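Visitor: I am new to this structure. Please take me through one part of it closely, step by step.

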Amino acid sequence: MNYRKVIPTIALAVATSISTAAYADTYRLTHNTSDTTSWQQGAERFRDLLDEQSDGELSIKIFPNAVLAGGDQMKQSEMVGRGNIDFVITSAINVTPLIPEMAVFSLPYLFSNYEQVDTAIQGAPGERMKEIAEEHGIKILAWGENGFRELTNSARPVEAPDDLAGMKVRVAGPMYIDVFNALGANPQQIQWTETFSSLQQGVVDGQENPIGSIIVPQRIYEVQDYLTEWHYSYDPIFVGVSKQLWDSWDDTTQSMVQSAADQAMQYQRDVAREATENGIETLAENGMQISTLDDAQLQAFREATQSVYDSWASKVGEDLVKAFEDSANSLAN
């Protein structure tokens, strides 16, 4: 055997292996919720698609429960904007401390149905929000769905604003604090990772979140007795990337990342909506009492929260709000 030929061949194979490994980039993706939710499913689909499309050269490691931000769901986007974290999947309302305009999506009773939501968010108003986010260092790749936020509690059925009087309700952000103050409740801003135990221990009586994305998969029915379907606020999620990182990639890499994000968020929206459609039955089977509000009942809540809508519309910007209103009204029933 000619060992002088074999040894260089082995050395070349090892060098090639090391070289290939050196070019494989692993990025970190953070999101708010546990690994049982559609958020996680969207993240996993994004990871898998990107791995497939890049032949393993672009790898993503997923970190649920905002662990990279010490459990603080509000800080995740700030860290992405600074380039400290690569990717984030988060909801619009959780970004409002950094980007106040994000509150436009969740103005009380702006949207009534999914058709209005899709027209606005996937259309020109949603594109405008992407431009605003880039000014804060975040490239929004694609919109997903948290969903219409519904109310759960362990105190009593809620079918009118007066039913909320004095109720301690966990909320996700500043606008929701104003909403529940207007309704006579006692809102508490608590990190999501601490919410289940807060409900369990009676620190708060209730919380508000989408059925398919959060309430069912996070098993909120184990510590809550009542659910009110009131569709009072819509909350999209998005997958975003650090603008610094995005700008460092060539066109081919950007195209792969964008394609994977588009497909992953479409999948996530489908999963979330299917889970919402089936969720009411699941909650009823697990002993929750469901209150579905009619038009007259909903109007009472609209009127009670109108001052909050007007106040936050001013903070968000009248032109931006009008763009969303015009989009929603173009499909109003």
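Predicted model: local features only at pLDDT ≥ 70, side-chain atom pairs only at ≥ 80, totals over all residues.

Guide: Helix H2 covers residues 38-53, and helix H10 covers residues 251-285. H2 and H10 are roughly antiparallel to each other, because their axes cross at roughly 150 degrees and angles over 145 count as roughly antiparallel. The two axes come within 8 Å. H2 passes H10 in a right-handed crossing.

Now the residues that meet. From H2 come Ser38, Trp39, Gln41, Gly42, Arg45, Phe46, Leu49, Leu50 and Gln53. On the H10 side, the partners include Met256, Val257, Ala260, Ala264, Tyr267, Gln268 and Val271. Sorted by class, the contact of H2 with H10 has 13 nonpolar, seven polar and one charged residues.

Next, look at helix H6, residues 174-182. Its buried residues are Met175, Tyr176, Val179 and Phe180. They lie on the same side of H6, because they cover an arc of only 130 degrees around the axis. An α-helix has 3.6 residues a turn, so residues three or four places apart point the same way.

What covers these buried residues of H6? The cover includes strands S4 (138-153), S5 (168-171), S6 (186-189), S7 (206-210) and S8 (226-242). It also includes helix H11 (295-316).

Stay with H6 and H11. Their axes come within 8 Å and cross at roughly 155 degrees. That makes H6 roughly antiparallel to H11. The crossing of H6 and H11 is right-handed. Pro174, Met175, Asp178, Val179 and Ala182 of H6 make the contact with Ala304, Thr305, Val308, Trp312 and Lys315 of H11. By class, that contact has seven nonpolar, one polar and two charged residues. Just after H6, Gly184 takes a positive phi of about 85 degrees.

His231 sits in strand S8. His231 counts as partly exposed, because its relative accessibility is 29%. Leaving out residues up to four places away in sequence, His231 touches Tyr109, Phe111, Ser112, Phe148, Arg149 and Glu150. Take Glu150 from that list. His231 and Glu150 are 81 residues apart in sequence, but their C-alpha atoms are 5.9 Å apart in space.

Definitions and conventions. Residues numbered from 1 in each chain as written. Heavy atoms only, no water. Axes fitted to C-alpha atoms, helices over the stretch in contact; angles between N-to-C directions. Helix = DSSP H or I, 4+ residues; strand = E, 2+ residues; numbered from the N terminus. Parallel < 35°, antiparallel > 145°, perpendicular 65-115°, else oblique. Left-handed = near helix turned anticlockwise from the far one by under 90°. Contact = heavy atoms within 4.5 Å. Nonpolar A, V, L, I, M, F, W, Y, C, P; charged D, E, K, R; others polar. Buried < 20%, exposed > 50% of the residue type's maximum accessible area, 1.4 Å probe, protein only. Arc of directions from axis to C-beta.
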